Structures are given as structure tokens and as C-alpha cells.
Amino acid sequence: MSILPDDELTQIRTDLETTLPDAGTIYSLPRTSDSQGGWSEAWATAGPCACRLDFIGGGEGVANAALVPYTRAIVTMPQATTITAANRFVHSTGTYTVQAVNLGSWLGVKRATVEKV
């Protein structure tokens, strides 16, 4: 239950959505049967969304005995946006895998932690 009345919360969400400065696209990975008992996968557009991308850091990790750089960011998007850790997010700065979605986000927006591919 929200402390705010529903109409006020709806207005806040609408106001916030109009102030998000960027646009992004969410991609999903559907499986298509290959008629031989298997399937094929290809990233497909799940939908566009208004957003704000804030870089929170990066660094280097080790993968296959090599240093691999990574960049992390937080994507702020409208609360009604459907996004999970199974999605990818594409922004003008690149393609990102969704690491986590903050289910406890403030009621006005939804936030997801992403890592550049």
C-alpha cells in the first residue's frame, strides 16, 4: 500500500517519465523451435523505454586467465517498465546485460544494474 493516493502517485510517475533524458531499448531472448527437438535463440526487441543511464564504475576482472575490463551502470526507467535479469538493454552508449532489477525501487521509478557487453 502506498502512502500517497493513487492519483498523486500516477501523476508523479507521469512527471518523472517526461523528465528522463534518454531512450533505450529492452531486448529479450525468445526460443524458436527448430522442428528437430532443439531450438534457436536470437535477441528480439521487447520494447523501447525512456531512461537515464548513470555510470557507477568499472574495473577489471579475470576470465580465462586474462584481465577483462567491465563497466557498470544504473538504468532508471518508468516504474511500469517490464525488465528482468534475462533481458539486455541497449542505449546509445552500447549494449548492456541486466545484472539485477531493484524490486524495492522507489515507487516513482524502476532501477536496474547493468554491465556493458
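Glu41 counts as partly exposed because its relative accessibility is 42%, where buried means under 20% relative accessible area, exposed over 50% and partly exposed in between (1.4 Å probe, protein chains only). The model is predicted, so local features need pLDDT of at least 70 and side-chain atom pairs count only at pLDDT 80 or more, whereas totals for chains, interfaces and linings use all residues. Residues are numbered from 1 along each chain as its sequence is written, and side-chain values use heavy atoms, with hydrogens and water left out.

The structure holds three salt bridges, each defined as a side-chain nitrogen of Lys or Arg within 4 Å of a carboxyl oxygen of Asp or Glu.

| Salt bridge | N to O distance |
|---|---|
| Arg31 and Glu41 | 3.0 Å |
| Arg52 and Asp54 | 2.9 Å |
| Glu115 and Arg72 | 3.1 Å |

Arg31 lies in strand 2 (residues 31–33) and Glu41 in strand 3 (residues 39–41), so this pair ties together parts that are ten residues apart in sequence; strands are DSSP runs (E, at least two residues), numbered from the N terminus. Arg31 counts as exposed at 54% relative accessibility.

Glu115 is buried at a relative accessible area of 19%, while Arg72 is partly exposed at 33%.

Asp54 is partly exposed at 27% relative accessibility, and its bridge partner in strand 5 is Ile74. Strand 4 (residues 44–63) and strand 5 run antiparallel and are joined by eleven bridges, where two strands pair if DSSP finds at least two bridges between them. A closed barrel of six strands runs 1-4-5-8-7-6, with antiparallel pairing.

Key: Helix = DSSP H or I, 4+ residues; strand = E, 2+ residues; numbered from the N terminus.
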